[in-house]
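Here is a short report on one protein and its ligand. Please keep the sequence and the 3D view open while reading.

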Amino acid sequence: MSSTPTPTLYDRLGPDALRAVVTDFYARVFADVMIGFLFTGKDRQHLIDREIEFTARFLGARDVRYTGRPMRQAHARSPILGGHFDRRLQILRNTLRDHAVDPDVTTAWIDHQLALRPQITGDAGSECDHDVAAARLASPGAPPDDPTG
Ligand code: HEM
């Protein structure tokens with residue numbers, strides 16, 4: 001007897017909605033007064049395509065492969081503070097809300113972002129610790145939580 005695989009969160013969202021959400025999200029991020037400057041000169045379409053792959057994977061897509069860099073490596077040269085991380089997360093929340101994304105998908109997406117936080121910024125909270133950011137910039141590529149880096 002053949003059995004149908006259980007639908008994943010990716011199946012529930014669907015590839016077209018995923019692309020629409022991520023495209024809108026990056027339009028908002030690039031235009032944002034607080035974090036837009038971090039994306040100056042970056043290839044928006046490249047980021048959209050990588051983010052779609054990345055998101056599809058953790059939502060359970062079986063036929064998609066992430067072809068970008070690991071998170072820590074991709075962000076090591078950007079001076080990302082806690083407040084920048086939180087701002088991006090809020091923009092994502094707003095985008096998911098405006099696209100009426102399924103609540104289970106939204107929860108999984110936001111939780112996944114929060115779990116990745118230590119790989120994106122060594123700045124613990126949203127207090128904008130400039131010393132931490134300066135230390136990261138002094139040794140780009142070093143893991144943010146590595147005191148010897
Ligand atoms: C968990 C949260 C995040 C995820 C899942 C994520 C995802 C990604 C992905 C998939 C890439 C492309 C990597 C590649 O091309 O190899 C990327 C690059 C980038 N991200 Fe993020 N990101 C996150 C948080 C942030 C934050 C908070 C900021 C800044 C506010 C940021 C700024 C950037 C920039 C500037 C690049 C381009 C880096 C470069 O090419 O030099 N990201 N991100």
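## Overall fold

This is a predicted model. The protein has seven helices and zero strands. From the N terminus on, its elements run α-α-α-α-α-α-α. Of the 149 residues in the protein, 19% are buried.

Helix H2 covers residues 15-31. Helix H5 covers residues 82-98. The table sets out their lengths and faces.

| H5 | 17 residues | 24 Å | 24 Å | 165° |

Start with H2. Which residues of H2 are buried? They are Leu 18, Val 21, Val 22, Phe 25 and Val 29. The face turned away from the buried side carries the exposed residues Asp 16 and Ala 31. What covers the buried residues of H2 includes helix H1 (9-13), H3 and H5.

Now H5. Its 17 residues reach 24 Å from first C-alpha to last, close to the 24 Å expected at 1.5 Å a residue. The buried residues here are Gly 82, His 84, Phe 85, Arg 88, Thr 95 and Leu 96. Viewed down the axis of H5, they fall within an arc of 165°, so they too line one face of the helix. Gln 90, Arg 97 and Asp 98 are exposed on the other side of H5. The buried residues of H5 pack against H2 and H6.

## The nonpolar core

The largest nonpolar core has 13 residues. Those with the most contacts inside it are Tyr 10, Leu 13, Leu 18, Val 21, Val 22, Phe 25 and Ala 56. H1, H2 and H6 each supply at least two residues of this core. H2 gives the most, with five residues.

Not counting residues up to four places away in sequence, Val 22 touches Ile 48, Glu 51, Ile 52 and Thr 55.

Leu 96 lies in helix H5. Why does Leu 96 count as buried? It has 21 other C-beta atoms within 10 Å, and the cut-off for a buried residue is 20 or more. Leaving aside neighbours within four places in sequence, Leu 96 is in contact with Val 21, Val 101, Thr 106 and Trp 109. Leu 96 and Leu 18 are 78 residues apart in sequence, yet their C-alpha atoms are 9.9 Å apart in space.

Ala 100 sits in the loop between H5 and H6. Its phi is positive, about 50°, although Ala 100 is not a glycine. Is Ala 100 buried or exposed? Ala 100 counts as exposed, because it has 9 C-beta neighbours inside 10 Å and the limit for an exposed residue is 12 or fewer.

Thr 121 lies in the loop between H6 and helix H7 (130-138). Despite its place in a loop, Thr 121 is buried, with 23 other C-beta atoms within 10 Å. Thr 121 and His 84 are 37 residues apart in sequence and 9.1 Å apart in space, C-alpha to C-alpha.

## The ligand shell

His 84 leads on to the ligand. Of the 21 residues around the ligand, Gly 68, Arg 69, Ala 74, His 84 and Leu 116 come nearest. Which helices each supply at least two residues of the shell? They are H3 (44-58), H4 (71-75), H5 (82-98) and H6 (103-120). H3 provides the largest share, four residues. By class, the shell has ten nonpolar, five polar and six charged residues.

Terms used:
Residues are numbered from 1 along each chain as its sequence is written. This is a predicted model: local features need pLDDT of at least 70, side-chain atom pairs count only at pLDDT 80 or more; totals for chains, interfaces and linings use all residues. A residue is near a molecule or strand if its C-beta atom, placed from the backbone, lies within 6 Å of it. Ala, Val, Leu, Ile, Met, Phe, Trp, Tyr, Cys and Pro count as nonpolar, Asp, Glu, Lys and Arg as charged, and the others, Gly among them, as polar. The expected span of a helix is 1.5 Å times one less than its number of residues. Two residues are in contact if their C-beta atoms, placed from the backbone, lie within 7 Å. A nonpolar core is a set of buried Ala, Val, Leu, Ile, Met, Phe, Trp, Tyr and Cys residues joined through C-beta atoms within 7 Å. The arc is that of the directions from the helix axis to the C-beta atoms.
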